[in-house]
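The following paragraphs go through a protein model step by step, from one chain to its contact with another and then to a single residue.

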Amino acid sequence: MMTRNLLWAVLASSIFSLLTATIFFILDAVDVSLTEAAVGAGIATILFVFTLKHLEINLKKSKSNNTILGLSLIVIVLLVFNLMDDFPRFGESKITQNSNVTEYYLENSNSEMGIPNVVTSILAGYRAFDTLGEVIVIFIAGVSVIGILREEKENE
Amino acid sequence: MSKISIVSIISVLMIPLILIFSLYVQFHGEFSAGGGFQAGVIFASAFILYSLVFGIEKSQSVISLETSQRLMALGLSIYLLVGLIGIMSGANFLDYNVLSANPTSGQMLGIFLVEIGVGLTVANVMIVVFYSFANMKVTKK
């Protein structure tokens, strides 16, 4: 889909996120689906629209070199298609190298953690340190947004 | 927006449901799909819907920017504190076994507390980012 209207592009990406969330839901990844629907389709779209409100960009005037962009895209797509045979088959059980860990989690999560949701027990239990890093990243992102936008206010 | 429109009526009906659903995802995350991150995002989206329909001022009278900033730091602190309690009790960082007499219930308690921290931080970061974008005044050149 090609458009020169930025608002349409934002709406298209929102619809794409919603479709991706549906695909995640069909693939039984409900946690990812919830996140994608709320962040990708909801909050990100609203933030994009708020930003667009402040922008005055006329894409018709800007002349970008589309031939180089198109050619490089075609090359990337061909490369990915070439490598597709190396990907694991859909639904294959041993897709990671360390599948011993996967089996350990699935077998021992309920007896060690006492909770039936293995996703939660991996995220907050076995890999709690990773999740701490994620929370810190989100926190830093929030702090940076406050810092950047507040400075802009004071400059007025 | 003082006019009663279809959007405002529908969102008045929907927002309590969204908030309850986010609390369900938060506190029932150990037994069904979800967790702190999802709950926080859903909670924030309810607030964003409210401020889109009724205006940012009304929303900021419920949770102000300052409160939101403090809560976002509080969430991260809860997470770190749960980790530090492990060190204080002589175990590893973020070791939940020592939180309770029984290791399994200690794990459950630890995951529960950590998820609350994640939920608080995520929800308030989303609200803070939204407030910052909504209050943004860019001088047009």
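How many helices and how many strands make up the secondary structure of chain A? Chain A has 6 helices and 0 strands, where helices (H or I, at least four residues) and strands (E, at least two) are DSSP runs numbered from the N terminus. Along the sequence the pattern reads α-α-α-α-α-α.

This is a predicted model, in which local features need pLDDT of at least 70 and side-chain atom pairs count only at pLDDT 80 or more, while totals for chains, interfaces and linings use all residues. Residues are numbered from 1 along each chain as its sequence is written, chains are lettered from A and ligands numbered from 1 in the order in which they are written, and side-chain values use heavy atoms, with hydrogens and water left out.

The confidence score pLDDT is given by the predictor for each residue, from 0 to 100. For chain A the average is 83, and 84% of the residues score at least 70. Among the elements of chain A, helix α1 (residues 6-26) has the highest mean pLDDT, 92, and helix α4 (residues 99-113) has the lowest, 79.

Chain A has 156 residues, and 24% of them count as buried; buried means under 20% relative accessible area, exposed over 50%, and partly exposed in between (1.4 Å probe, protein chains only). The accessible surface of chain A is about 11,300 Å², with 66% belonging to carbon and sulfur atoms; such areas come from the Shrake-Rupley method with a 1.4 Å probe, and for residues only the protein chains shown count as cover.

Chain A also touches chain B. The contact (heavy atoms within 4.5 Å) takes 43 residues from chain A and 49 residues from chain B. Between the two chains about 4,100 Å² is buried, and carbon and sulfur atoms give 77% of that area; buried area is the accessible area (1.4 Å probe) that two parts lose on being put together, summed over both. On the chain B side, α1 (6-27), α2 (36-54), α4 (65-88) and α5 (103-134) each supply at least two residues that touch chain A. Of these, α5(B) gives the most, with 17 residues.

Finally, where is A:D86 found? A:D86 lies in the loop between α3 (66-83) and α4 of chain A. With a relative accessible area of 64%, A:D86 is exposed.
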